[in-house]
Every structure is written in structure tokens, then in C-alpha cells.
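Dear colleague,

Please find below the structure that I am passing on to you. A written account of the findings comes after it.

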Amino acid sequence: EFRRVLFRSYVLGDRDPPYTDYQADGSFGVNELYQRATELGAIYLDLPVNLYEGDTGLWLLPASSLLLDTQSALTSLDALEQTYLNDEAAVAAAGYSLEALLQSIDYRRQNTIAFQAQMELHTQNDLNIFLTHLPAMPGKYQTETTTSIYKDADLILAGHNHGGVRLPLLGCLRVFNEQFPRGGWLPNNALVSGLSNLSGWTQYISPGLGTGSVRWYSQRWFSTPTITLIQLTKSVA
């Protein structure tokens, strides 16, 4: 079960369709693409998962959700639900049926409650693996909000960069990542892919398998598609 959850979990990239959305028939639900992924055994990580329940837990955490204020989110959803139930004009302005809008609210409410329940089980002594599409960057390139997300990270697993546009022997010429200075030209190779330590965090940025694209050309030049196997141990050699 440990291997299944860790190896098959995924978060969405910046060009992926939403996990849930309003469907062609007017209902609300999970995108067909991700329904197929679930059937194949993939797990969309939108909730914290405890991989090892011992004296010290080992959590797999979706970084994008960790600043969620659950109580504020639930209050906002309750207010939105009442608006739709009592204001036909608001339903018309939303452009979807009342049933679909209520389905959307209920999905988000149940997800928020589940997130809150999991985080209540999380302790300060637990170990944390953060899954994020966009890599963490050194402090000077991060916002204060983004930095606060990773303050308790023991390991960050990221992607996005596709290894960048590389030249043989010279390394990465450019990475299409707006976090980098100089528009991503001549980036620090340690921040493009592989294992690095920055601002006290250990991060592995996977070169990944896909190509991505920027307009008409691929982001992956001379960057070998890669599947990375990371073995977790109880001690550091």
C-alpha cells in the first residue's frame, strides 16, 4: 500500500485541465481524463496521505493545498450555497443548472472537511514529503507566502521544467519557468533538475517524461525522458 500510494500519486500541471469541472451534459464531476487515470490505479493527491503510521508519521502532502483556511472555506461555501438557493439571478449568471452548482459546492465542502480531518492527525514530529508541480526556489526568488508552504518540508518532489532546453556539454541554456531570473536564460542547473538543497529544503526535480510545449516548439531539447526511483531509508549514510 505504501508503494502504491507513493508511486502512483500525482498533482496537476499548469497546462492540465481541472480535476473537476462542469460536464457537457450540465452536471458537475471529475474530468473523464482523470476518471481513466483512476481506473488505471493513479491517485490524484488533493488530500494529505499518511504513508506510515508509527511513532513518527510519513506524510505525502499536496503543496498547493497547504495554505487552505478550512473554516473560512467552509463558511464561504455555505454562503455561496444559500445565494444559489435563494437567488435565481445568481444561478442564471453562473451559467449552469442549480443542481450542478450545488454538486460543485458539495464536492468542495466534502473535500475541505476531509482535508481538515487529515491535517488534525498531522503532528510536528511527522516527516513530510511535499508533492508540487512547480519547484521550490531559493528564498530570494520566492514570495513570503510560498516560502511558508515549505517550511516543514523534509523532501520536496517537483517537476515542470522538463529538464529545460539543453546543449551537449554546456548544460541548460534555458528553462521555461517564470520563477527564474533573466526569463529563464542560463539558469542554475541545480535548480532545473535533479537533487538539490536550498534554504534548508531537500528537493528533487524530475526531468519527467513529457515534452510540454511553448508555442510551436518543445521544451525538451537534449534532456532524456526520465523515470526516477527514490529509495527512502531510516538513516542517512
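Predicted model: local features only at pLDDT ≥ 70, side-chain atom pairs only at ≥ 80, totals over all residues.

Residues are numbered from 1 along each chain as its sequence is written, and side-chain values use heavy atoms, with hydrogens and water left out.

Overall picture

The protein chain contains six helices and 12 strands; helices (H or I, at least four residues) and strands (E, at least two) are DSSP runs, numbered from the N terminus. Along the principal axes, its C-alpha atoms fill a box of roughly 65 × 50 × 40 Å. Of the 237 residues in the protein chain, 38% are buried. Here buried means under 20% relative accessible area, exposed means over 50%, and partly exposed lies in between, with a 1.4 Å probe and protein chains only. Among contacts (heavy atoms within 4.5 Å) with a separation of 6 or more, 60% join residues 24 or more positions apart.

Helices α3 and α5

Two packed helices are described by the angle between their axes and the distance between the axes. For helix α3 (residues 70–86) and helix α5 (residues 98–121), the axes come within 10 Å and cross at roughly 165°. The axes are lines fitted to C-alpha atoms, for helices over the stretch in contact, and the angles run from 0 to 180 degrees between N-to-C directions. The two helices are therefore roughly antiparallel to each other; angles over 145 degrees count as roughly antiparallel, under 35 as roughly parallel, 65 to 115 as roughly perpendicular and the rest as oblique. The residues of α3 that meet α5 include Leu-74, Leu-77, Glu-81 and Tyr-84, and those on the α5 side include Leu-102, Ile-105, Arg-109 and Phe-115. The residues of this contact between α3 and α5 divide into 12 nonpolar, four polar and four charged. In this count Ala, Val, Leu, Ile, Met, Phe, Trp, Tyr, Cys and Pro are nonpolar, Asp, Glu, Lys and Arg are charged, and the others, Gly among them, are polar.

Nonpolar cores

A nonpolar core is a set of buried Ala, Val, Leu, Ile, Met, Phe, Trp, Tyr and Cys residues joined through side-chain atoms within 4.5 Å. The largest nonpolar core has 17 residues, and Phe-130, Tyr-150, Ile-156, Phe-180 and Trp-201 have the most contacts inside it. Apart from that core lies another, of nine residues, among them Leu-60, Ile-129, Leu-155 and Tyr-204.

Leu-131 is in strand β7 (residues 127–131) and counts as buried at 11% relative accessibility. Leaving aside residues up to four places away in sequence, Leu-131 touches Leu-157 and several others, including Tyr-10, Leu-45, Leu-60 and Pro-62. The C-alpha atoms of Leu-131 and Ile-156 are 6.1 Å apart, although 25 residues separate them along the chain.

Leu-157 belongs to strand β8 (residues 155–158) and is buried, with a relative accessible area of 18%. With the same exclusion of residues up to four places away, its contacts include Phe-130, Leu-131, Tyr-204 and Ile-230.

Residues with positive phi

Most residues other than glycine have a negative phi. Leu-169, in the loop between β9 (165–167) and β10 (171–174), has a positive phi near 75°. Leu-169 is exposed, with a relative accessible area of 92%. Leu-186 also has a positive phi, of about 50°, although it is not a glycine. Leu-186 sits in the loop between β10 and β11 (194–198) and is exposed, at a relative accessible area of 57%.

Yours sincerely
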